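The following paragraphs lead through selected features of one structure. Please keep the sequence and the model in view while reading.

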Amino acid sequence: MNSSSSVKIVSKCFLKPKTIPEESKQPYYLSPWDYALLSVHYIQKGLLFHKPLYSIDTLLEKLRESLAATLVHFYPLVGRLSTPKAEKPKSYSVFVDCNNSPGAGFIYAISDLCVADIAGPTHVPLFVHSFFDHHRAVNHDGHTMSLLSVQVTELQDGIFLGVSMNHTMGDGTSFWNFFNAWSEIFQAQESNKTESLCLKNPPVLNRYIPQGYGPLYSLPYSHPDEFIRRYKSPLLKERIFCFSSETIRVLKGKVNQMCGTTSISSLQSLTAFIWRCITRARRLPLEQETSCRLAADNRGRMYPPLPRDYFGNCISALRTAAKAGELLENDLGWAALKLHQVVAEQTSEKVSQMIDHWLKSPFMYQTDRLFEPMSVMMGSSPRFNKYGCEFGMGKALTLRSGYAHKFDGKVSAYPGREGGGSIDLEVCLAPEFMKALESDEDFMSLVSI
């Protein structure tokens, strides 16, 4: 029994699909978007539940059985990354081998912690990181590590279900599509309807391969050390700020009224608000530039568009910037309009240009180089159906994330547990900036808890 912080690993096994799809015997190729993420962390998101009425052994059996059934639809997640030996010296390619792999990871762990230890503190405790497998792993590690790993941590009065997915396999849309499909199959299994089940949103597994390229891409490297940089997160404070549906409605209305429009979204309005508040908390020189990035799904922006349930990566971090002085001297509508414009300008032509640029000059995203100091990055989405994932334990109490992709200014948007358009923001800041943000009356007046 290995110990990690306040969590002890009891058992670990690997799972394969309940039935092996014929197509899984072939190499599964990656798109340019997937390749670009080889040097960043796995996606790590998890849900906290009250304990079920039945035994933990029964729960584990049901989770394993439903996960094996889910992997039939998401079979690439049981594979490992593979790199063929190149004949020419400067060439490095990657694909997914679904045959020579033990499968997806499944871990059972125990802890003497309680639900209140996780959901209660003002700041997210660091021990939450131990609820996830593949701590600090980068996606390239998927050559030897599972591409998907589920950790079920039994608490004194609850269950934490932490999922780690290799980011080359998919973005947030893909991750939550998998999580929701697993929940759907679990619930069908509970009611003995698995035989007649048709997934509401079955994944489209055919990867986007630009015409005339691929299916393997040759990176201009001879060894992974040339492009892998292991990012270490700085000392941060992390907190979940909740915004009620009424607050979001009023904020969006106010912003659109300022701009004389109705087209600025709730998320754009809230992102502008948090960008200004974090900038004020940092007390930046008026002439210093501060940027804000907003994760945007490109599926519907491409021509022809990719399917809504396309399984893979299809996102861009859209950037706008301003001097700290002009950001704070202008009203909230000014900042929101800048964000709205950069989103509106993300056309199919721009997406194509980005892909063409990568094909001509392949590159890898490096977390410490991608985001400027004193910036704000809004990731994830309140549109993802996160609280719809149920596993016989009722609705999740809250959502938490692992170590991955945390830096000063990283913000993640989640749907509020109350629904109805409420939004929770997971904010990561340097301790002195978090203290200043929490002392900002204008900011805290909008926070519900």
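A disulfide is taken here as a pair of cysteine sulfur atoms within 2.5 Å. By that criterion the structure holds zero disulfides. The sulfur of C13 has its closest cysteine counterpart in C98, at 18 Å, which is too far for a bond. C292 is likewise in no disulfide, the nearest cysteine sulfur being that of C277, 12 Å away. C13 is partly exposed at 27%, while C292 is buried at 0%.

The model is predicted, so that local features need a pLDDT of at least 70 and side-chain atom pairs count only at pLDDT 80 or more, whereas totals for chains, interfaces and linings use all residues. Residues are numbered from 1 along each chain as its sequence is written, and side-chain values use heavy atoms, with hydrogens and water left out.

The next subject is the sheet. Helices (H or I, at least four residues) and strands (E, at least two) are DSSP runs, numbered from the N terminus. Two strands pair if DSSP finds at least two bridges between them. Six strands form an open sheet of mixed pairing, in the order β10-β16-β15-β13-β11-β12. Its edge strands are β10 and β12, each of which pairs on one side only. From one strand to the next, the twist averages 20°.

By contrast, β13 and β15 run parallel, with four bridges between them.

How many of the six residues of β15 are buried? In this strand (residues 410-415), six of six are buried. In a regular strand the side chains alternate between the two faces of the sheet. For β15, one side carries K410, S412 and Y414 and the other V411, A413 and P415, and both faces are covered, with all of these residues buried.

A413 is also the bridge partner of S380, a residue of strand β13 (residues 376-380). S380 has a positive phi of about 60° although it is not a glycine. Its relative accessibility of 23% makes S380 partly exposed. R136 is placed in the loop between α3 (115-119) and β8 (148-154), and is partly exposed, with a relative accessible area of 41%.

Two further backbone features concern proline. The peptide bond from G214 to P215 is cis, with omega near 5°, and P215 belongs to the loop between α4 (172-190) and β10 (237-243). The bond from Y303 to P304 is cis as well, with omega near -5°. P304 sits in the loop that lies between β11 (289-297) and β12 (315-323).

Helix packing comes next. Two packed helices are described by the angle between their axes and the distance between the axes. Here axes are lines fitted to C-alpha atoms, for helices over the stretch in contact, and angles run from 0 to 180 degrees between N-to-C directions. Helix α6 (residues 266-282) packs against helix α11 (residues 431-438) at an angle of about 115°, with the axes 8 Å apart. Contact means heavy atoms within 4.5 Å. On α6 the contact is made by C277, I278, A281 and R282, and on α11 by F433, A436 and L437. These residues divide into six nonpolar, no polar and one charged, where Ala, Val, Leu, Ile, Met, Phe, Trp, Tyr, Cys and Pro count as nonpolar, Asp, Glu, Lys and Arg as charged, and the others, Gly among them, as polar.

Finally, S11 lies in strand β2 (residues 7-15). S11 is partly exposed, at 33% relative accessibility. Which residues does S11 contact, leaving aside its neighbours within four places in sequence? They are F106, I107 and Y108. Between S11 and F106 there are 95 residues of sequence separation, and their C-alpha atoms are 8.4 Å apart in space.

Notes: Buried means under 20% relative accessible area, exposed over 50%, partly exposed in between (1.4 Å probe, protein chains only).
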